[in-house]
Amino acid sequence: MNTKHKSEFLNFIQERGYLYQCTNVEGLDQLLSQDSYIVAYIGFDCTAPSLHIGSLIQIMMLRHLQKFGYKPIVLLGGGTTKIGDPSGKDKARSVLSIENIGQNILGIRKTLEKMISFGSGKTDAVIVNNADWLDSIKYIDFLRDIGAYFSVNRMLSFDSVKTRLDREQNLSFLEFNYMLLQAYDFAELNKKYGCRLQIGGSDQWGNIVNGIELGKKLNLSELFGLTTPLLLNAQGNKMGKTESGAVWLDGDMLKPYDYWQYFRNVDDQDVGRFLRLFTDLSIDEVKKLESLKDQEINEAKKVLATEVTKICHGDEEAEKACSASISAFENEDSSLLPDYIITKEKVADGISLVDLLHETGFELSKGAAKRLIQGNGCKINDNTINDINYMINSESFKDQPFVKLSAGKKRHIKVVVSM
């Protein structure tokens with residue numbers, strides 16, 4: 001999709017790489033070019049206490065909606081998380097308790113409030129929870145009033161269902177209902193807030209189309225759907241996870257320094273695309289940076305990492321992460337690396353290197369930590385350690401107040417004893 005639109009918003013998101021599919025692009029273009037104020041929504045299920053970078057495109061879309069004078073709605077799936085969206089999933093998600101979902105909602109809200117402006121103003125975002133209406137649904141009434149509009153034949157044709165059935169993987173009747181509930185969400189948001197546009201990842205296309213078709217059958221104003229491309233890296237892998245775990249947006253779950261490092265170390269081929277998608281830099285500045293070649297591309301990566309970290313964690317944390325990285329990798333100064341605190345008692349008793357790699361989160365298991373050490377991938381104070389019985393104790397701190405721990409070439413921290 002690469003045409004000139006009347007709407008500045010559509011032209012902007014197309015040039016930045018956000019626009020993938022649209023249900024009626026001419027109609028949406030007309031609406032956006034005529035009306036300077038529309039309401040749009042993006043939904044997030046609450047399966048973890050934070051979103052990760054797999055949701056970053058959607059969060060940037062919320063920011064851009066605000067900049068263009070539109071009102072974004074953040075729909076948190078307090079109700080639908082009890083079921084789990086089958087889209088893009090090979091198997092059913094674990095069922096979470098109501099208490100867990102409530103805690104996840106609080107965590108996600110805290111993250112989003114750092115990146116989007118919430119309030120009661122015309123273009124301020126609002127957060128709504130679909131449990132507010134889904135929890136009170138009377139099942140028989142819902143099947144009669146809403147379910148009657150859905151064709152099972154058509155539902156079976158959507159990728160979220162078809163893929164699971166083609167692979168002969170179980171799709172529960174509970175999950176099968178998910179697309180009805182998401183369609184109902186769109187209708188409810190239209191009635192309550194005048195919402196006309198739903199935005200989601202490309203794996204949400206079927207669910208979005210269902211909502212639009214339901215709107216027609218309920219005689220609502222025309223609804224529109226727009227999807228963004230699936231976030232893949234240069235190797236074709238879905239982004240959001242690394243070998244050491246998810247790239248969380250919550251600074252308590254992933255330090256800003258590690259977040260900065262993730263983007264500093266992206267593939268050269270991804271730099272230009274990520275500058276367009278994940279920063280507020282002008283398109284002219286992006287074009288200058290994405291034209292850099294060879295070693296100069298590393299300067300563009302630093303800009304990318306810093307700008308992305310600013311949006312998620314603020315200017316101060318971004319500059320600290322950048323300074324720490326330059327000091328550690330270019331000036332060989334470890335003092336600005338992020339701290340990992342261990343107690344005096346652990347130091348006195350001695351902690352094994354295997355345990356330390358696991359506790360810091362550098363390795364997800366002790367077995368993985370042992371393999372890292374045996375493969376010469378672990379260093380203490382820049383010295384390779386290949387003894388899986390190696391201990392960190394008081395002797396390790398006699399020459400300096402911290403121990404530099406390295407796992408591979410890109411993961412480094414200072415191990416510091418608590419005062």
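Me: In this predicted model, what makes Tyr 259, Tyr 262, Phe 263, Phe 274 and Phe 278 one group?
Reply: Tyr 259, Tyr 262, Phe 263, Phe 274 and Phe 278 form one aromatic cluster. The structure holds nine aromatic pairs.

Me: Why is the pair of Phe 9 and Tyr 70 called edge-to-face?
Reply: The ring centres of Phe 9 and Tyr 70 are 5.6 Å apart, and pairing needs centres within 6.5 Å. Their planes stand at 85 degrees, and over 60 counts as edge-to-face; therefore the pair of Phe 9 and Tyr 70 is edge-to-face.

Me: Which parts does the pair of Phe 9 and Tyr 70 tie together?
Reply: Phe 9 lies in helix α1 (residues 8-16) and Tyr 70 in the loop between α3 (56-67) and β3 (71-77), so the parts tied together are 61 residues apart in sequence. Both Phe 9 and Tyr 70 are buried.

Me: What makes Tyr 262 and Phe 263 an edge-to-face pair?
Reply: Their centres lie 5.3 Å apart with planes at 85 degrees. The limits are within 6.5 Å and over 60 degrees, so Tyr 262 and Phe 263 pair edge-to-face. Tyr 262 is buried, as is Phe 263.

Me: How do you know that Lys 122 sits over the ring of Tyr 37?
Reply: The charged end of Lys 122 is 4.7 Å from the centre of the Tyr 37 ring; the distance limit is within 6 Å.

Me: Why does Asp 294 count as exposed?
Reply: Its relative accessibility is 70%, and exposed means over 50%; therefore Asp 294 counts as exposed. Asp 294 is in the loop between α14 (283-290) and α15 (297-313).

Technical notes:
Residues are numbered from 1 along each chain as its sequence is written. This is a predicted model: local features need pLDDT of at least 70, side-chain atom pairs count only at pLDDT 80 or more; totals for chains, interfaces and linings use all residues. Side-chain values use heavy atoms; hydrogens and water are left out. Helices (H or I, at least four residues) and strands (E, at least two) are DSSP runs, numbered from the N terminus. Buried means under 20% relative accessible area, exposed over 50%, partly exposed in between (1.4 Å probe, protein chains only). Rings of Phe, Tyr and Trp (its six-membered ring) pair if their centres lie within 6.5 Å; planes under 30 degrees apart count as stacked, over 60 as edge-to-face and the rest as tilted. A charge sits over a ring if NZ of Lys or CZ of Arg is within 6 Å of the ring centre and within 35 degrees of the ring normal.
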